[in-house]
Amino acid sequence: MSLLSLDRIAGMNCHYRFYTLEDFFAALQRNGITHAELWTCASHFLLDPFSWQDTKALRRLAKRYGVQIICLTPEQNNPKPYNLAARDPELICRTRCYFLNAICAAQELECGLVSCSSGWSFYSEPTQEAWKRAVAMLHTLAEEAYRRGVTLVMETLLPRETRLVCTLEEEKRMLAEINSPGIKANLDLGSMAAAGETISQWFAALGEDTIHCHFVDGHPAGHLAWGEGERDPGQDLEDFARNGYRGYFTLEFLSPDYYGEPWRAEERSLRTLSAYLK
């Protein structure tokens with residue numbers, strides 16, 4: 001049963017952190033994956049509050065391996081320094097500049113999407129104060145992204161990562177308060193499953209505003225290669241198709257078990273998904 005075309009699957013370089021960016025693109029080419037979501041770790045694509053690496057060189061390298069970059073995922077969340085709910089004035093400034101540079105880099109790459117989260121709060125402060133800071137920061141960034149033809153896509157996180165946006169209801173509320181056409185929803189199956197939610201619930205609540213997906217297996221939560229967890233990929237893909245989803249499916253694998261031979265995670269996933277691929 002064909003539910004998904006291979007050209008809607010995107011690889012991601014998180015588990016290639018001990019390999020070069022060229023190694024990552026070459027592995028995607030061997031596996032027939034033609035799209036990528038790029039995590040901006042410094043050893044692959046340097047991005048900071050002051051500048052970003054040459055996007056022309058990056059595009060040439062990706063093109064050499066037949067890969068199109070469809071999303072940038074800047075480093076963020078604790079313990080990374082760029083917290084979207086930062087409290088210190090200098091950190092607020094640096095975070096804003098960092099994400100603005102990510103938006104500019106995405107515009108140059110013509111990739112269209114920048115993945116983000118809500119940021120995180122200190123346990124010793126009222127959560128609502130951090131929530132207000134996140135909304136203010138994300139509104140500013142989303143408005144600039146919209147002006148540049150880029151869209152932020154916000155995912156929920158695990159409770160151990162933040163006290164701000166971990167559930168669908170919190171995602172819906174924050175998107176409403178940000179109130180900008182420059183930000184939409186990124187459905188991460190790992191955090192969705194951890195919250196006890198379903199794909200259909202997400203589309204019922206957010207509809208066409210769900211425009212991106214981190215497509216992963218789990219027990220039931222997690223960021224595992226397909227076939228290593230308990231999720232039913234056929235049912236998941238049916239749910240996406242039934243709700244008219246037209247975005248990409250990023251394979252975001254995070255387990256250190258993949259670091260040695262990261263391409264095996266894509267190979268295992270494609271074997272598992274092969275029954276549903278055109």
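**Exercise 1. Decide whether Cys166 is buried or exposed, and find how many disulfides the structure holds.**

Solution. Cys166 has a relative accessible area of 10% and is buried. The model is a predicted one, and it holds zero disulfides. For Cys166, the nearest cysteine sulfur belongs to Cys116 and is 14 Å away.

**Exercise 2. Describe the largest nonpolar core and the contacts of Phe240.**

Solution. First, the size: the core has 81 residues. Next, the residues with the most contacts inside this core are Phe25, Leu152, Leu189, Phe215 and Phe240. Helix H4 (residues 127-147) gives the largest share, nine residues. Beyond its neighbours within four places in sequence, Phe240 touches several residues, among them Leu189, Cys213 and Phe215. Finally, a second, separate core has five residues, including Cys71 and Leu113.

**Exercise 3. State what lines the largest pocket.**

Solution. The pocket holds about 740 Å³ of space. Its lining has 28 residues, and Gln76, Asn77, Glu161, Glu252 and Leu254 are the closest to the centre. Strand S4 (113-116) and helix H6 (189-194) are the elements that each give two or more residues to the lining. By type, the lining divides into ten nonpolar, ten polar and eight charged residues.

Key: Residues numbered from 1 in each chain as written. Predicted model: local features only at pLDDT ≥ 70, side-chain atom pairs only at ≥ 80, totals over all residues. Heavy atoms only, no water. 1 Å grid on protein atoms, 1.4 Å probe; cavity = no way out; pocket = protein on both sides within 12 Å on 5 of 7 lines; lining within 4 Å. Points joined across faces, edges and corners; volume = space filled by probe spheres on them. Helix = DSSP H or I, 4+ residues; strand = E, 2+ residues; numbered from the N terminus. Nonpolar A, V, L, I, M, F, W, Y, C, P; charged D, E, K, R; others polar. Disulfide = S-S within 2.5 Å. Buried < 20%, exposed > 50% of the residue type's maximum accessible area, 1.4 Å probe, protein only. Core = buried A, V, L, I, M, F, W, Y, C linked by side-chain atoms within 4.5 Å. Contact = heavy atoms within 4.5 Å.
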